[in-house]
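Please look over the structure shown here.

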Amino acid sequence: MKSSQYNVYFPLKGKYIVYNTLTDSIIAVDEELKTRLEMSNVEGIEPEMSQVLLKCGILVSDDTDEKAVLRFQYQAAKYSSEYISVLLLPTYACNLSCHYCPNPAQPVFMNPETTQSVISFLKTLMRSAKRGVILKLYGGEPLLNPDCCFTLCEQLSSFCQRHNLPFLAAAMTNGTLLSHKKTEPLLPYLGAVHVTLDGDQLHHDTIRYYSDGKGTYQDILKGLTLVREKNIRITVRINTTVENLDSVEKVIKDLKKRKFDEYTKFEIYFGPIAPLEDCKFFEDSTRSQQFTNDIFELVPHLRKIVRASNWKGNIRDIVLDLKSTSKPEQCQYGKAYHYVIGPLGNFYTCPGFCGNLEYCIGALRNGSAAFTPLYYDLHTRDVMQLECQDCEYMPVCGGGCPVRASIRTGTFESIHCGSVKELTRLRTLSYIQVTRPDLFK
Amino acid sequence: MKVSRYNVFIEAEGGHSFVYNTMRGSILAVDRELRERLETNQLDIDPSFLNPLKKYGFIVEDDTDELKIHRLKHNKAKYNTARSSFLVFTTYACNLCCPYCYEGTVVNPEYKSAIMSPEMTSRVVEFIENQTLKNRSYTAGIGLYGGEPLLNLDCCETILREVSEWCSSYHIQFYATITTNGTLLNERTYKRIGKYLSSVHITLDGPQKYHDKKRIKRDGSGTYAEILNNLQLLKDTKEHLSIRISVDKENKHAMGEVLKDLEEIGLKGRPHFHIYFAQVVPQYACLTFPTDTDYSQLMKESLGYIPPLMKMALTQGWGNHLAFDIGQEHSLIPANVTSCDYVKHGMYAIDPLGDIYMCPASAGDTQYRIGTLQKGAVEWCPSYYSIITRDPSLIEPCTECELLPACGGGCAVASYLKYKDYSTTFCNFNKDIIYERIEAYLTFKYPEKFEK
């Protein structure tokens, strides 16, 4: 037996938390055991404890090649997918003028020809991969191009039905156009809607407003009510900062008053306000570090608000929770069956860089995709060949964001740690705070 | 522009050659001058030639990295688990004693009579269900295999019934095949399992006088008549029926008789009926990568006489039942973007004792076991991860080889046999055989270019 190469140790109130980044197991140990594990000095460990540690993957058998196991898990997650996932921007335009939005609302719309190209490309892909499609309509504000959204959904859904493949469509919208007449034909195809609220009406309307300055809160709630009538799943992100906690409490009360907590397909989660290009896992700017710390501070307050509200429905646990959100290693945009398509039919590395031609990795031409060498560089990046291949954090970061790495070094075949190590510590502690509060005493 | 690294050249007659691109499966007849230009990367040629050369992948843009394109295709093919497939050895035992089966077999002699127990059958069903969900597969495929799988009919029926019912409750497509010697696929057995089957695979060793010398029962009696009688049962059924016709030097002249017999029992024109000619192989030998000289020689010889047999079948009206195109299963050039159909995520071969292997060729040899079914769980061996994550596009000399997209980097087990390391490659006879396959295909497809 030997110690796993993927154990990390965090001090906590005179003890140590051992978190195995490969198996996600967590155990609290004293200093002596921690030292033995660090030194892989396993002989003195009591047999009963050894068995527990072995089961958790904190100890492994001598012939275990953990790097091969990690490689398999990583490759399987990267190259196999339950669905072909497409994040599609029918337009860059938006009908709101939120101050924090990084995207200048350009009046660029996907035209019918490009829409047909997307459909042909996806049909070919579904035939070869034998997988269905999950279409995420994104923007700008996707519902500003309702014809494009409808055509995509109608034709892809009919193709999937004929070929016995699943089709799911979701709109990631500001919510203001959900009750508009032009959106109506699209609703039967939507499985899910995602909207963001910036707090209660008072707070929200000072941030999310139309170009004439009018607030959007009431229009969004009207839209969500209609969507509920159509039995569509709703996810509401509530933007949260240390300053708007009162407002968060009020919006939850308002949603409860409108009985959204009784609607089983309704879910809330809390998120930070962050520019789109700030990836929570890999940004290493001072702002991001500060933000990470702020969120960790927020977690207990948010949990308290949720408890006090007597909310009956689903609330996804707080942003940082280790077990409730995916590891950054699984950044969906690095996966082979995930595509980000802009309104002009270009493919991009991820939504954070959509519209930036430097990160354009392909284009649709007459129904088929022509990918650039960059696309193959991105999707054949072999994390187990990177300089950090032996790092104990590799299972949670996968070498970090390849795009940010390439900004720094000029190649995807390099690493970018970002704030992953600190974030992993915070996520672990946040998880323990709920599951084993006694360890904090 | 530059020349593709995956062009191979086959000499024809009259100063002509063929260039075959192993990545795209494209073919072009070229004269001496164009061949020389392609071989030496001199692309200052008539623009009207450049476009088709580019379109079919014989030349590529300067910044195209074809090795990376192959790596992505390879990984997508290897890790895609849209389908989970389970090859189940219901037993290693067989009611026949074909002489070639007992020669050179890798199966541990003490396993010869092993039969999957009801308790192990339950474990297998549980494993199939759990693994299909874990792989998020849309389809669960069962392949009943052996030995002779129908010697353990209860096991076959239990697995098919339970997994098909489970699939139906989870809206997962169910697909079942059986590879049988055909002697036991009679009315009684078909009644019990026929309704679950999507495909049946049977082998004939040529016409009766040849078949009955090899595919014999323990008392020495032949099985041809019995198999053909049983095949009549499948005349009007809906499942896919595939017959492998084994060919060797002795029987190759008599293949017309087999086709006549199959026609007589009404199989010609049956929908979903497929025949193919292949050399006789020892059971448990790999059909793709031979590991010994004799077998590789057999394979090469067979490439000489299989194309004329395909032509003969074609002229006799069997065209709809044969696979000709590049990439089709059982055609002269099958698709091999991964080295073989077994080394894939979501593919498992489970033997009667509950040991899991990567492929039928290694089944029964415990040193190649990749896992074991325990009660309620599966224990994976370290070798599983080494085999499945082997990436030939990172291994020399595959990185430089023009045949990589056609052979997929060869067999991991053969590499291990040679170097005791899965992350190596061992070409052995592969290169020769792939070149001969390409030539056999071209000779079949364009005979006029090879006439002297």
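What follows describes a predicted model.

## Helix pair in chain A

Helix α4(A) spans residues 112-129, and helix α5(A) spans residues 146-162. Their axes come within 10 Å. They cross at roughly 25°. Angles under 35 degrees count as roughly parallel, so α4(A) is roughly parallel to α5(A). The crossing is right-handed.

From α4(A), the contact draws on T115(A), Q116(A), V118(A), I119(A), L122(A), K123(A), M126(A) and R127(A). From α5(A), C148(A), T151(A), L152(A), Q155(A), L156(A), F159(A) and C160(A) take part. Sorted by class, the contact of α4(A) with α5(A) has nine nonpolar residues, four polar and two charged.

## Interface of chains B and A

Chain B puts 25 residues in contact with 29 residues of chain A. The area buried between the two chains is about 2400 Å². Carbon and sulfur atoms give 61% of that area.

Which residues of chain B lose the most area to chain A? They are L72(B), K76(B) and Y138(B). Together these residues account for 26% of what the chain B side buries.

## Salt bridges

How many salt bridges are found across the interface of chain B and chain A? The rule finds two.

R136(B) forms a salt bridge with E82(A). The closest N and O atoms of R136(B) and E82(A) are 3.4 Å apart. The cut-off for such a pair is within 4 Å.

Terms used: Residues are numbered from 1 along each chain as its sequence is written. Chains are lettered from A and ligands numbered from 1 in the order in which they are written. This is a predicted model: local features need pLDDT of at least 70, side-chain atom pairs count only at pLDDT 80 or more; totals for chains, interfaces and linings use all residues. Side-chain values use heavy atoms; hydrogens and water are left out. Axes are lines fitted to C-alpha atoms, for helices over the stretch in contact, and angles run from 0 to 180 degrees between N-to-C directions. Helices (H or I, at least four residues) and strands (E, at least two) are DSSP runs, numbered from the N terminus. Angles under 35 degrees count as roughly parallel, over 145 as roughly antiparallel, 65 to 115 as roughly perpendicular and the rest as oblique. A crossing is left-handed if the near helix is turned anticlockwise from the far one by less than a right angle, and right-handed if clockwise. Contact means heavy atoms within 4.5 Å. Ala, Val, Leu, Ile, Met, Phe, Trp, Tyr, Cys and Pro count as nonpolar, Asp, Glu, Lys and Arg as charged, and the others, Gly among them, as polar. Buried area is the accessible area (1.4 Å probe) that two parts lose on being put together, summed over both. A salt bridge is a side-chain nitrogen of Lys or Arg within 4 Å of a carboxyl oxygen of Asp or Glu.
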